Amino acid sequence: MNSQTLRDARKYEETAEKLIRDEGRPEFHLSTRVGWMNDPNGFSFYNGEYHLFYQYHPYDCHWGPMHWGHAVSGDLLRWRYLPVALAPDEPYDKDGCFSGSAVTLPDGRQLLMYTGVIQEPQQNGEVCEVQAQCLAIGDGVDYEKYEDNPVLDEHDLPEGASRFDFRDPKLWQTKDGTYRCVVGNCRTDGSGQILLFESEDAFHWRFKKVLLANNNRYGKMWECPDCFPLDGKQVILTSPQDMLPQGFEYHNGNGTLCLIGSYDEETDIFTEEANQSVDYGIDFYAPQTLLTPDGRRVMIGWMQNWDTCNMHRQTDEHKWFGQMSVPRELSIRDGRLYQQPVRELEQLRRNEVRYDNVIVDGTIQLEGVKGRKVDMEVEVAPEDEQSGYRRFAVRFAQNEDYQTSISYRPYEEVLKIDRKFSGSRRAIIHQRRSKVPSENGRIRLRLILDRFSVEVFVNDGRQVMTATIYTEQAADGISFFADGRVRMNVVKYELVADSATPLC
Ligand code: FRU
């Protein structure tokens, strides 16, 4: 039986979404149906379709009592909204259904595991959120909360683990048919950790061990953990709050961390070998992965950062806030995490425009190269390896007033994304730099533009820089700049997500 809270939300979103024009949204990135969106949740393949749930507050473009929004897709790019799946309507989740994940049960039902939140007044007058893990079972549209919720609460926590920061379960089924889940947690000393739990049937859970402790190395609380094998290694993703910068690798605030190592299945010991940022741009957080039916590990993240929510969009014309990144195929190469947009994106390509061996010296524009829904590959090398070049830039979402750019300085080995001139009137972060090792000045960039965002995949996905841009859509110019002589190849496609696109 659906609660009144859920029915109200379902009714509201159906009416309110009509106020949003299709052209006022991204074309192939999932945006919230209406109101507010944050983390991806329950990213899964169920009953022949991809399901993506998300942290959702339908009634406002700001964060509020969390629901789970819901959308499905056959190709990870063209999404269809389903009715909101979860609402905060039980005593154990009355203040929010926070992030979580999904698996398919042996009997064919879909199981969602999420964090139920209740606010608890403390003796000192403060109000703190108590967080516990809950289940809901459904058929891909309607979900019923489990009668014995919560299934993991403060009584299941090891010594020193805080019950106020205990959230974002990611669960999976192991080869022997049993279940595991990792949950983000904070020690009472403020340092993040990932807890591992196990279950025979996905309903009765027990604590297994602290899988990994932050020891105050990367930020504080670790949110949204994910843990999976990839190309012979084990990968742990997590999103730390309150990071301090480390060179060009990690930046201030909330970030995304990737740990690569090995995993002993007998002892559940993860041995770390390498660490890196997941995204080196401005707007990417709380990613979650799934395994596709054809065996690809695909990651999707919230294309936003917490510190600048709602801050550089100018008008109230938009009745939505929050979009997801393009889903990205993951692989490990040379001990690093590589990301590529899902190959399904190639099906949306239209109207190829190609230029080979263009010499850039100063600023140029190329006939047919413009747009705000674009997939563009740019390959650059110095015309003369001896003399090299000092700087190369691609400028986009450009007109007389505005532009955003990605620029590379080979001598410094620094790639910079800069949205300072994108039309924002707020004093927020508009630039980010990342270290990109120079291969004699050669660099390959793949830019994915979708009305309100840019994702730059660098050197075949060795690094990615993502940023939202709310520049008016009429600013659709693209130009290239070089200080020094550069030889450049460009292939550019328009991206169109219409229903004529064949499904892969
Ligand atoms: C991460 C996060 C999660 C939490 C959710 C609440 O962005 O803070 O830890 O479950 O958002 O909306």
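The questions and answers below concern the cavities, pockets, ligand shell and a few backbone features of a predicted model.

Q: What makes the two spaces found by the search of the whole structure cavities rather than pockets?
A: The search of the whole structure finds two cavities of 30 Å³ or more. A cavity is a set of points where a 1.4 Å probe fits but cannot get out, whereas a pocket is an open set. The two spaces are therefore called cavities because the probe cannot get out of them.

Q: How do you know that the largest cavity and the second largest cavity pass the 30 Å³ limit of the search?
A: The limit is 30 Å³ or more. The volume of the largest cavity is about 80 Å³, and that of the second largest cavity is about 70 Å³.

Q: What makes Pro40 a lining residue of the second largest cavity?
A: A lining residue has an atom within 4 Å of a point of the space. Pro40 is listed in the lining of the second largest cavity, along with others including Ser99, Asp168, Cys224 and Gln288, so Pro40 has an atom within that distance. Strands S5 (97–104), S9 (161–173), S13 (222–230) and S17 (285–291) are the elements that give two or more residues to this lining.

Q: How do the residues of the lining of the second largest cavity divide by class?
A: Six are nonpolar, three are polar and two are charged. Asp and Lys count as charged, and the lining includes Asp168 and Lys170.

Q: Which other residues have a polar atom at a stated distance from an oxygen atom of the ligand, and does the atom belong to side chain or backbone?
A: For Ser99 it is a polar backbone atom, at 3.1 Å. For Trp306 it is a polar side-chain atom, at 2.9 Å. On its own the ligand has 320 Å² of accessible area, and the protein covers 95% of it.

Q: What makes Asn38 part of the shell around the ligand?
A: The criterion is a heavy atom within 4 Å. Asn38 is one of the residues that surround the ligand, among them also Asp39, Met66, Arg167 and Tyr285, so Asn38 meets that criterion. By class, the shell has five nonpolar, three polar and four charged residues.

Q: What is the volume of the largest pocket, and which residues are closest to its centre?
A: The volume of the largest pocket is about 930 Å³. Its lining has 32 residues, with Trp172, Gln173, Thr174, Leu291 and Arg297 the closest to the centre. S13 gives the largest share of the lining, five residues. The lining comprises 14 nonpolar, ten polar and eight charged residues.

Q: How much space lies in the second largest pocket, and how is its lining made up?
A: The second largest pocket holds about 420 Å³ of space. Of its 19 lining residues, Asp22, Arg25, Pro26, Glu27 and Trp79 are the closest to the centre. Eight residues of the lining are nonpolar, three are polar and eight are charged.

Q: Why are S4 and S19 said to stand at the edges of the sheet?
A: The open sheet has five strands in the order S4-S3-S2-S1-S19, with mixed pairing. Strand S4 (79–86) and strand S19 (320–321) each have a single partner strand, so one side of each is left without a neighbour in the sheet.

Q: How do you know that S3 and S4 are paired?
A: Pairing needs at least two bridges. Trp79 in S4 is the bridge partner of Ser73.

Q: What makes the backbone at Pro150 and Asn47 worth a note?
A: Most residues other than glycine have a negative phi, and most peptide bonds are trans. The peptide bond from Asn149 to Pro150 is cis, with omega near -10 degrees. Pro150 lies in the loop between strand S8 (143–145) and S9. Asn47 has a positive phi, near 50 degrees, and is found in the loop between S1 and strand S2 (49–57).

Terms used. Residues numbered from 1 in each chain as written. Heavy atoms only, no water. 1 Å grid on protein atoms, 1.4 Å probe; cavity = no way out; pocket = protein on both sides within 12 Å on 5 of 7 lines; lining within 4 Å. Points joined across faces, edges and corners; volume = space filled by probe spheres on them. Helix = DSSP H or I, 4+ residues; strand = E, 2+ residues; numbered from the N terminus. Polar contact = N/O pair within 3.5 Å; in protein donor to acceptor, adjacent residues only side chain to side chain. Areas by Shrake-Rupley, 256 points an atom, 1.4 Å probe, with all protein chains shown as cover.
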